[in-house]
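Thanks for coming. I have one structure to show, and a few residues in it to go through.

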Amino acid sequence: INACEYMPGLEGIPAARSKISFVDGKQGILEYRGIPVEEIAKAPSTTFLETAYLLIWGKLPTRVELHEFESDIRYHRRVKYRIRDMMKCFPESGHPMDALQASAAALGLFYSRRALDDPQYIRQAVVRLLAKIPTMVAAFQLIREGNDPIQPNDDLDYSTNFLYMLTERIPDPLAARIFDICLTLHAEHTINASTFSAMVTASTLTDPYAVVASAVGTLAGPLHGGANEEVIAMLEDMGSPENIRPYIDRCLAEKKRIMGFGHRVYKVKDPRASILQGLAEQLFNKIGHDRLYDIAVEMEHVVEEKLGHKGIYANVDFYSGLVYRRLGIPTDLFTPIFAIARVAGWLAHWKEQLAVNRIFRPTQQYIGQHGLPYVPVTER
Ligand code: CMC
């Protein structure tokens, strides 16, 4: 590629060299540190925190390392009462992603020592962010319902504890297990928009809380993490299978995007969508069916028929929302849950960026005018 050629969205331009994850969009392969994501997702002993460790430290942890990592995270799950009080001042009508972005940034006020060359500091920041982000997401949910947030329960594992903090009930073990695998599947995905945002912020050597806050803001958009919310809204609007074809025809005629389909990299079905579909079915078999699932499956066939030739297939967001909905999670928490998972990937890239850092400073092609006279305001 000619270095001077302008590529909108930096499409196809390598902006980093990374060992964290690999995607083959033609064959539908996603690997974390060289391990296919399917292998990880189907391993009975796998946990999201094990994947986070793998992504951030580059290898699967030993039993002792994993135990220490999980214990550290369990210990740091609580958030300062001042952060909870700050969240109580947020408007209930505000989007939980905005609440999360503000709260993640606020962590920097409390843990401001910036010692990026100290491995202890790096580890502490990783542990704090992985530990506290779920607590903050759950806290905002309870606060906006008019309740006090509940404290983390030290007897519960990462995902069970999050669902407990969110719903004030200990979840069904299969539901918690499936939720944990959902986190694993969303943990990392090469240099997507929010990860790039994290890397740009990291490259200025600012603190990791600012890195994560900037990535949360980027993830919030409907073309990125926000799509899974819109998938549910779309399926609900459709209401029944006979409305699928007219809906899709209308989208195509009006050149509107069909949410949950298409991907910059995958030109086949996203491997995560296939795994999530299987998990959704397992969940429905255990705790009851969701009628939106039937609409979703039928819709996937119709989109494939109409747009498959363009390489547009279901992406990760198409089935994840159905799983979360069945778990009783409000739709506008789907993207914050994506953030809970993706913080692992952001932190892995933060760490990798620091090791080879050069501040991001791309160039641009100026297409404006030159040498214009300054016209005083009175003469305009
Ligand atoms: N529905 C209908 N047409 C589509 C879609 C879609 N979802 N996605 C792409 N296309 C068409 C697009 O109109 C264009 O057609 P044409 O060549 O005739 O103009 C062609 O496919 C290529 O589109 P593109 O804009 O070059 O593709 P992109 O790589 O910029 O878009 C995308 C990637 C994810 C932004 C896009 O597919 C999209 O908007 N999808 C819907 C939103 C969504 O589900 N986002 C979640 C993405 S996966 C999770 C994540 O990254 O957070």
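First, the ground rules. This is a predicted model, in which local features need pLDDT of at least 70, side-chain atom pairs count only at pLDDT 80 or more, and totals for chains, interfaces and linings use all residues. Numbering starts from 1 along each chain as its sequence is written.

Start with Leu10. Its phi is near 55°, which is a positive value in a residue other than glycine. Leu10 sits in the segment before β1, residues 21-24. Helices here are DSSP runs of H or I with at least four residues, strands are runs of E with at least two, and both are numbered from the N terminus.

Is Leu10 buried, exposed or partly exposed? Buried takes 20 or more other C-beta atoms within 10 Å of the residue's own, exposed takes 12 or fewer, and partly exposed is in between, with C-beta atoms placed from the backbone. Leu10 counts as partly exposed because it has 13 C-beta neighbours inside 10 Å.

Leu205 also has a positive phi, near 65°, and is not a glycine. Leu205 is in the loop between α9 (193-202) and α10 (208-219). It is exposed, because 12 other C-beta atoms lie within 10 Å.

Now Lys19, which is in the segment before β1. Lys19 is exposed, since its count is 10 other C-beta atoms within 10 Å. Leaving aside neighbours within four places in sequence, Lys19 is in contact with Arg33 and Gly58; contact means C-beta atoms, placed from the backbone, within 7 Å. From Lys19 to Pro171 the C-alpha to C-alpha distance is 36 Å, and the two are 152 residues apart in sequence.

Methods
Contact = placed C-beta atoms within 7 Å.
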